[in-house]
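Work through the exercises below with the model open. Try each task before reading its solution.

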Amino acid sequence: MIELFDGKGGLVEGCIQSVDQTGLDIVALENPKSVSPHSTQWRIYAAFGTLKGGRADWLVEKCTELGACSVTPLLTERSPSISENRVDRLQRVSFAAAKQCQRLHEMVLNPPAKIGALLPLVKNSKLAFIAVAEAKPVFSALSSIKKESAGLMIIGPEGDLTEKELNMILEAGATAVGLGPHRLRVETATVALLSALMLWGDNQETSKV
């Protein structure tokens with residue numbers, strides 16, 4: 001038996017009929033089903049272009065497993081670029097992670113974006129969070145906020161955003177949230193904030209039942 005999915009919510013059960021050197025023949029045992037995404041669709045903007053040693057791969061892999069809707073490399077003064085070859089590799093990492101965790105809706109890896117392109121999205125989003133050291137703890141910030149169908153989260157580079165960049169994002173309407181007393185790496189902060197937001201969304205969904 002085997003399950004096939006298309007990365008867009010389509011799912012069908014089937015069985016392997018034959019195997020040869022050219023591949024597999026699979027017979028569908030039912031009509032395809034369409035499964036809707038669960039929970040809030042979180043879009044991630046993280047400045048990880050300067051990460052080395054497989055850390056960017058790890059970040060994208062874990063965001064895929066945790067259920068992020070999309071990840072966008074954020075270009076800042078302290079994380080100014082990311083190569084096309086690296087983006088291609090990260091797309092392959094995301095695809096492999098989706099198969100491994102049986103995720104029916106693929107995570108989108110967007111082209112890199114600058115702060116200026118992010119600001120209109122923050123202004124138009126009802127849920128927009130940015131990780132800031134010593135800010136109000138994330139769960140305290142979430143205690144009076146209602147769940148929405150989509151939101152975005154922002155993680156700055158190692159060395160942090162410049163004061164000008166941070167103020168631009170906050171003035172656009174993002175809520176600053178803290179992730180504990182310690183300074184976190186980009187990939188750690190991304191996974192910590194995404195985990196908190198996913199658990200918060202799941203808890204709100206359960207409370208309605």
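Predicted model: local features only at pLDDT ≥ 70, side-chain atom pairs only at ≥ 80, totals over all residues.

**Exercise 1. Is Cys15 buried, partly exposed or exposed?**

Start with the ground rules. Residues are numbered from 1 along each chain as its sequence is written, and side-chain values use heavy atoms, with hydrogens and water left out.

Step 1. Take the cut-offs: buried is under 20% relative accessible area, exposed is over 50%, and partly exposed is in between (1.4 Å probe, protein chains only).
Step 2. Cys15 has a relative accessible area of 25%. Cys15 is therefore partly exposed.
Step 3. Place Cys15 in the fold. Its bridge partner in strand E3 is Val27. Strands E2 (residues 10-20) and E3 (residues 23-28) pair in the antiparallel sense over six bridges. Strands here are DSSP runs of at least two residues, helices of at least four, numbered from the N terminus; pairing takes at least two DSSP bridges. E2 and E3 form a hairpin, with two residues between them.

**Exercise 2. How many disulfides are there?**

Step 1. A disulfide is a pair of cysteine sulfur atoms within 2.5 Å.
Step 2. Check Cys63. Its sulfur is 12 Å from the closest cysteine sulfur, in Cys101, which is too far for a bond. Cys63 is buried, at 0% relative accessibility.
Step 3. The count by this rule is zero.

**Exercise 3. Where does Glu134 lie, and what is its phi?**

Step 1. Most residues other than glycine have a negative phi.
Step 2. Phi of Glu134 is near 70°, a positive value.
Step 3. Glu134 sits in the loop between E9 and helix H4 (138-142). At 79% relative accessibility, Glu134 is exposed.

**Exercise 4. Describe Asp160, then the second largest pocket.**

Step 1. Asp160 is not a glycine, yet has a positive phi of about 75°. Its loop runs between strand E10 (150-155) and helix H5 (163-171). Asp160 is partly exposed, at 32% relative accessibility.
Step 2. The second largest pocket is lined by 19 residues. Asp160 is one of those nearest its centre, with Ala133, Arg183, Leu184 and Ala189.
Step 3. A pocket is an open set of points on a 1 Å grid where a 1.4 Å probe fits, with protein on both sides within 12 Å along at least five of seven lines; lining residues have an atom within 4 Å of a point.
Step 4. The volume of this pocket, the space filled by probe spheres set on the points, is about 310 Å³.
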